[in-house]
Protein chains: 2
Amino acid sequence: MDYASMKPSEVRARIRAGVIKGPTAGMCSGYAQANLAVLPKDLAYDFLLFTQRNPRSCPVLEVSDLGSRTLSFLAKDADIATDIPKYRFYKKGVLEGEYDDVRELWRKDFVTFLIGCSFSFEAELLEAGIPVRHIEEGRNVPMYRTSIECAPAGVFHGNMVVSMRPIPYGLVVKATEITASMPRVHGAPVHIGDPEAIGIADISTPDFGDAVTIRSGEVPVFWPCGVTPQDAIMRTRPEIAITHAPGHMFISDVRNIDLKY
Amino acid sequence: MDYASMKPSEVRARIRAGVIKGPTAGMCSGYAQANLAVLPKDLAYDFLLFTQRNPRSCPVLEVSDLGSRTLSFLAKDADIATDIPKYRFYKKGVLEGEYDDVRELWRKDFVTFLIGCSFSFEAELLEAGIPVRHIEEGRNVPMYRTSIECAPAGVFHGNMVVSMRPIPYGLVVKATEITASMPRVHGAPVHIGDPEAIGIADISTPDFGDAVTIRSGEVPVFWPCGVTPQDAIMRTRPEIAITHAPGHMFISDVRNIDLKY
């Protein structure tokens, strides 16, 4: 099947039916994919405030109504408890298990957060002729904890996690401009160049994802990363939390181009 | 006194001391001013969600910590209960009175919302040689209720309120581009041209503010307006709410130029 050219609603139906169980990278070309975080209502205010105070690493695309498994903005016919290929279920910050359906775990006090994802801007970078190394090398993007503190909010706190892409010097401005035009999917780089300036001791050993090759004439460019809010959630050891498994995203009906405005 | 060239902290000190009691338009040139809404914590989640779902009419610049009268982002030394020249105090949506100091009304369960204001982009428009008619005519900006529904959130709902500025045809694109670059202070116009298309029956009778002259060769341009969240708050008739009095804004230490990013 050519999932790249398929409509999001068709791919979501296949995910719901258990036909698709793997990572969503490359599916539904041109459409935005999103990170998932589900929390009980008693944590939702603090978490929403955390995202408001840290919009670059936590660009919220949609928040569900209390207890609802449906959405209004990102997709009209989605079921948030079935339409992601793989979920992670946490108790007190400890991974309890992975599921391809969380209907039986759903609670009336759950609030769903969908957060913008760098898949959206990577599509635009490729379109503009800017190489994306981890895609070329078939790896997950390298991600690093930094010394950049997030603004705390209630129980949530932590440092920014960034993703890194090596960019040829002559394309750094173009890459900055393209991503800056998409603030709802992390926006402009937070840092260009020396990893130590943001507290990264060793660029060859990422904290999450895989290392990638940095060639001569390329500079490491760092963008705020959606792992930041996940990291902040796990630090608080919430009674219960559900997220997507890495790379197994929610595929929305909203096109990347529409996230520019 | 030349308040236009004075530092925000100096003007806030004069407001706090009761020396300045009037509207803040034109003060602290280059610095952002903000709309105020103070609500009890039990409404804060729904209101924060309302702003997340309606970012163009409700661009939140900062939300205080619970019960706190201080800020972190917009100003370091401000007291939100004293540093606005005139407050309005509402009970169940009815105006109970105006105050120049709300310290005695303050409660531990209050949450403060500061919301971006079109004063910021008007400064940029003037800088770019685009006329701002209500300033030329010494009036308040004309504002209108529209047929554009806001996305509801919990108890909050309502239609978008817009402000209108007549712009010469040759400058409409420039005005659009300049304001689009400032999404944290309402951003691009929501509508350009025929008022009826957004449910405004009579452009000469605004619902808030004053009518202004529209000259031959000018088109009415409509921007999302910070009265939208105030209107949504009053519809819910909250037990208690505090806002700024119209035109009596919070003057921040953040420059308009820094709201572009």
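Me: Buried or exposed: where do R165(A) and E122(A) sit?
Reply: Both R165(A) and E122(A) are buried. Keep in mind that this is a predicted model.

Me: OK, and what do their side chains do together?
Reply: The side chains of R165(A) and E122(A) form a salt bridge, 2.8 Å from N to O. That pair links distant parts of the chain: R165(A) belongs to strand β7 of chain A and E122(A) to helix α3 (residues 119-127) of chain A, 43 residues apart.

Me: How many salt bridges does a search of the whole structure find?
Reply: Over all chains, 40 salt bridges turn up.

Me: What about R133(A) and E136(A), how far apart are they in helix α4 of chain A?
Reply: They are 3 residues apart in helix α4 (residues 133-136) of chain A, so about one helical turn separates them. R133(A) counts as buried because its relative accessibility is 1%, under the 20% cut-off. E136(A), at a relative accessible area of 45%, is partly exposed.

Me: Switching to chain B. Which residue forms a salt bridge with E239(B)?
Reply: R107(B) does, with the closest N and O atoms 2.9 Å apart. E239(B) is in the loop between α6 (227-235) and β10 (241-244) of chain B, and R107(B) is in the loop between β4 (94-99) and β5 (110-116) of chain B, so the pair ties together parts 132 residues apart in sequence. E239(B) is partly exposed, with a relative accessible area of 42%. R107(B) also counts as partly exposed, at 25% relative accessibility.

Me: Which residues do salt bridges with shared partners join into one network?
Reply: R12(A), R16(A), D77(A), D83(A) and D253(A).

Me: Back to β7 of chain A. What strand order does its open sheet have?
Reply: The order is β6-β7-β9-β8 in chain A, 4 strands with antiparallel pairing. β6 and β8 (191-192) of chain A are at the edges with a single partner strand each, so each has one side without a neighbour in the sheet.

Me: And how many bridges pair β7 with β9 in chain A?
Reply: 7 bridges, in the antiparallel sense, between β7 (residues 159-168) and β9 (residues 218-224) of chain A. As one example, S163(A) has W223(A) as its bridge partner in β9(A).

Me: Which helix packs on that sheet?
Reply: Helix α5 (residues 172-180) of chain A, which touches β7, β8 and β9 of chain A. Its direction makes about 15° with that of β9(A).

Me: Where's M143(A)?
Reply: M143(A) is in strand β6 (residues 143-149) of chain A. With 8% relative accessibility, M143(A) counts as buried. Among the residues M143(A) touches are V161(A), S163(A), F208(A) and C225(A). C225(A) is 82 residues away along the chain, yet the two C-alpha atoms are separated by 7.7 Å.

Me: Last topic, the dimer. What rotation superposes chain A on chain B?
Reply: A 180° rotation with 0.0 Å of shift along its axis, at RMSD 0.0 Å. The two copies are thus related as by a two-fold rotation axis. Y45(A) is the residue of chain A that comes closest to the axis, at 2.7 Å (C-alpha). Both copies use the same surface: 100% of the contact residues of chain A recur in chain B.

Me: And what area do chain A and chain B bury between them?
Reply: About 1,200 Å², 55% of it on carbon and sulfur atoms. Y45(A), L48(A) and Q52(A) supply 49% of the area chain A buries against chain B, more than any other three residues. The interface has 2 salt bridges. R53(A) forms a salt bridge with D65(B), closest N and O atoms 2.9 Å apart.

Technical notes:
Residues are numbered from 1 along each chain as its sequence is written. Chains are lettered from A and ligands numbered from 1 in the order in which they are written. This is a predicted model: local features need pLDDT of at least 70, side-chain atom pairs count only at pLDDT 80 or more; totals for chains, interfaces and linings use all residues. Side-chain values use heavy atoms; hydrogens and water are left out. Helices (H or I, at least four residues) and strands (E, at least two) are DSSP runs, numbered from the N terminus. Buried means under 20% relative accessible area, exposed over 50%, partly exposed in between (1.4 Å probe, protein chains only). Contact means heavy atoms within 4.5 Å. Copies are superposed by least squares on the C-alpha atoms of residues with pLDDT of at least 70 in both. Two strands pair if DSSP finds at least two bridges between them. Axes are lines fitted to C-alpha atoms, for helices over the stretch in contact, and angles run from 0 to 180 degrees between N-to-C directions. Buried area is the accessible area (1.4 Å probe) that two parts lose on being put together, summed over both. A salt bridge is a side-chain nitrogen of Lys or Arg within 4 Å of a carboxyl oxygen of Asp or Glu. Lists of a residue's contacts leave out its neighbours within four places in sequence.
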